[in-house]
Amino acid sequence: MVMTAAERIPGVEVRHDAPSGPALREVVFDVEDLTVAYGGKSALSGVSLEVYKNFVTAFIGPSGCGKSTFIRCFNRMNDLIPSATVDGTILYHGEDLYGREVDPVEVRRLIGMVFQKPNPFPKSIFDNVAFGPRVLGLKDGLDDRVRHALEQAALWDEVKSRLKESALSLSGGQQQRLCIARALAVEPEVILMDEPASALDPISTTRIEDLMDELKREYTIVIVTHNMQQAARVADMTAFFSVEVDENRDARTGILVEYDVTSKIFTNPSDQRTEDYVTGRFG
Amino acid sequence: MQAAAPRLRVHRRRWGEGVVKGALALCALVSIATTIGIVAALLEPSLEFFREVSLVDFFSGTDWAPLFEPARFGVLPLIVGTLSVTFWAVVVAVPFGLGAAIYLSEYARPGVRKALKPALEVLAGVPTVVYGYFALVTFTPFLRSLGLDVQIFNAFSAGVVMGIMIIPTVASISEDAMNAVPQSLRDGAYALGSNKLEVSVRIVVPAAISGIVASFVLGISRAVGETMIALLAAGQLAQLTFVPFEPVETMTAFIAATGIGDVPTGSIEYKTIFAVGLTLFVMTLAMNLFAIRLVRKYREVYE
């Protein structure tokens with residue numbers, strides 16, 4: 001009997017309530033042959049995939065496989081690194097995200113991001129969530145907007161009595177949910193999460209994962225994680241990245257190995273390298 | 001037989017460490033002891049001075065002529081002269097210094113910053129006497145060439161040039177403080193759709209405010225204590241005026257000019273120097289204390 005990959009790894013449960021197939025879904029991002037380099041050294045090369053609306057899409061892979069580099073392309077955060085160059089195309093609803101006339105500031109209003117380490121501003125809880133709306137000039141109904149964002153991030157009940165206190169008085173897990181609320185407050189369409197739970201304890205991690213399940217009804221979520229169980233639990237689609245080493249030139253670059261429905265990646269991957277990784281033989 | 005359990009050695013005093021500690025403590029003490037010494041040295045002649053001139057006369061008198069007959073000891077003209085010059089210095093140094101710091105920290109590319117910051121710091125190394133002459137022989141005539149009714153010695157020229165002198169201090173310390181703000185905070189703000197100016201003004205400056213205010217205070221302290229520029233360019237006419245284009249005498253200029261003159265030791269004129277010095281000292285001390293409180297109140301602690 002052939003065992004599927006997942007059955008061989010204890011602790012990995014694969015969701016079987018697989019949502020309707022990607023074929024019918026609206027495409028939010030269409031990535032075509034994307035290559036990213038830092039100072040001429042390629043970090044990621046030749047990636048093509050599609051990200052679907054109201055899905056959680058996970059990027060997994062070993063350290064150095066370029067998954068964080070990749071996610072930072074979707075809201076043009078790599079623009080902030082002077083030595084970074086991005087080649088290839090990312091279409092956002094059919095529009096070139098890196099087009100000449102596209103303003104990266106505008107892009108980031110539509111595509112929010114949550115970072116690996118909680119990074120609340122050294123301001124009050126309220127001011128953290130209100131920051132985005134204020135920058136965008138959305139001053140009307142600010143209180144309601146802040147409240148709504150905190151409720152969506154499942155943080156309202158914990159902080160409603162101390163909105164004026166410093167955000168740094170919150171626990172790590174609360175800080176991360178605050179950062180999620182902060183991203184939600186500007187009503188983006190997509191939320192990118194770069195290892196959002198890697199600095200958190202298991203209970204906080206569970207809360208963040210539950211949250212993603214909730215949020216995907218309204219938002220499209222892209223998440224980087226190197227916790228495979230997490231990808232298996234939360235993601236509808238999973239992309240496995242790996243590192244390709246060119247011995248001759250002593251160069252390492254990230255490549256996309258396989259991209260499919262999460263259950264397929266974990267139970268019946270097409271590529272040997274994916275199977276090795278998800279069964280724990282590598283990485 | 002059991003092997004002997006390893007035993008930690010009996011604690012022995014490490015003499016070397018004690019010596020190092022003592023030497024370092026001495027270093028710290030030198031500056032504190034010097035400060036106490038200065039205060040003591042200022043205090044004694046000042047107290048003698050105030051036995052002869054009442055505090056009320058000193059601080060409320062509007063006429064300053066300690067070296068003439070009849071001597072008058074109203075210090076207000078000197079205080080106003082100092083404040084007036086300092087005011088113009090601050091008007092120049094704070095916006096330009098902060099602007100330069102924001103540019104260097106947030107806008108300049110690494111190569112540009114690497115070249116610009118040392119260049120800016122060279123400005124801080126120019127002797128103040130050079131600035132003083134620059135104010136007197138270049139800046140004031142320039143103002144006159146614009147058709148302004150400016151006296152040869154005036155508070156404005158001295159203040160503006162003093163401000164230019166202080167820009168590097170303000171810029172350098174502020175830039176250090178801004179540079180220390182974690183990149184993750186900037187990323188967080190950029191990810192919310194902020195542009196560079198919004199990130200600089202709403203995130204970086206508030207997070208670095210304690211360092212920025214410290215740079216202001218240091219700059220103001222330098223302006224209040226600056227002697228050479230004031231002496232050369234602001235004049236030595238102790239008149240009670242806020243008019244920028246009129247000559248004034250600052251406290252430092254009075255001290256320097258009178259100190260190198262031929263005032264007999266122990267005379268009332270001699271003690272006047274110390275009374276003015278003590279006033280200056282108290283003013284800067286009060287300002288520093290105020291600034292520390294201000295910083296504590298508004299500082300945003302990150303991490």
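Which residues in α3(B) meet which residues in α8(B)? Select B:Ile102, B:Glu106 and B:Tyr107 on the α3(B) side, then B:Lys196, B:Leu197, B:Ser200, B:Val204 and B:Val205 on the α8(B) side; contact here means heavy atoms within 4.5 Å. Of the residues in this contact, five are nonpolar, one is polar and two are charged. The classes are Ala, Val, Leu, Ile, Met, Phe, Trp, Tyr, Cys and Pro as nonpolar, Asp, Glu, Lys and Arg as charged, and the others, Gly among them, as polar.

Before going on, some ground rules: this is a predicted model, where local features need pLDDT of at least 70 and side-chain atom pairs count only at pLDDT 80 or more, while totals for chains, interfaces and linings use all residues. Residues are numbered from 1 along each chain as its sequence is written, chains are lettered from A and ligands numbered from 1 in the order in which they are written, and side-chain values use heavy atoms, with hydrogens and water left out.

Now show the two helices as cartoons. Helix α3 (residues 76–107) and helix α8 (residues 196–207), both of chain B, pack at about 110 degrees with axes 11 Å apart. That makes α3(B) roughly perpendicular to α8(B), a label for angles of 65 to 115 degrees. Axes are lines fitted to C-alpha atoms, for helices over the stretch in contact, and angles run from 0 to 180 degrees between N-to-C directions. Helices (H or I, at least four residues) and strands (E, at least two) are DSSP runs, numbered from the N terminus.

Next, bring in both chains. Chain B and chain A bury about 1800 Å² between them, 64% of it on carbon and sulfur atoms; buried area is the accessible area (1.4 Å probe) that two parts lose on being put together, summed over both. On the chain B side, pick B:Ala191, B:Leu192 and B:Arg202, which lose the most area to chain A, together 33% of what that side buries. The contact takes 20 residues from chain B and 26 residues from chain A.

Time for the inside. The largest nonpolar core has 84 residues, and A:Phe29, A:Leu49, A:Phe59, A:Phe70, A:Phe74 and B:Met178 have the most contacts inside it. Its largest share, twelve residues, comes from helix α6 (residues 155–179) of chain B. A core is a set of buried Ala, Val, Leu, Ile, Met, Phe, Trp, Tyr and Cys residues joined through side-chain atoms within 4.5 Å; buried means under 20% relative accessible area, exposed over 50%, partly exposed in between (1.4 Å probe, protein chains only).

Centre on A:Phe70. Leaving aside neighbours within four places in sequence, its contacts include A:Val31, A:Leu44 and A:Phe241. A:Phe70 is one of the buried residues of α2(A), and that helix (residues 67–74) has seven of its eight residues buried.

From A:Arg76, hop to A:Val107, whose contacts beyond four places in sequence include A:Phe74, A:Asn75 and A:Arg76. A:Val107 sits in helix α3 (residues 104–110) of chain A and is buried, at 5% relative accessible area.

Last stop, two loops. A:Asn54, between β2 (41–52) and β3 (56–60) of chain A, has a positive phi of about 55 degrees although it is not a glycine. Buried or partly exposed? At 22% relative accessibility, A:Asn54 is partly exposed. A:Glu195, between β7 (190–194) and α8 (202–215) of chain A, has a positive phi near 45 degrees and counts as buried at 7%.

Key:
Parallel < 35°, antiparallel > 145°, perpendicular 65-115°, else oblique.
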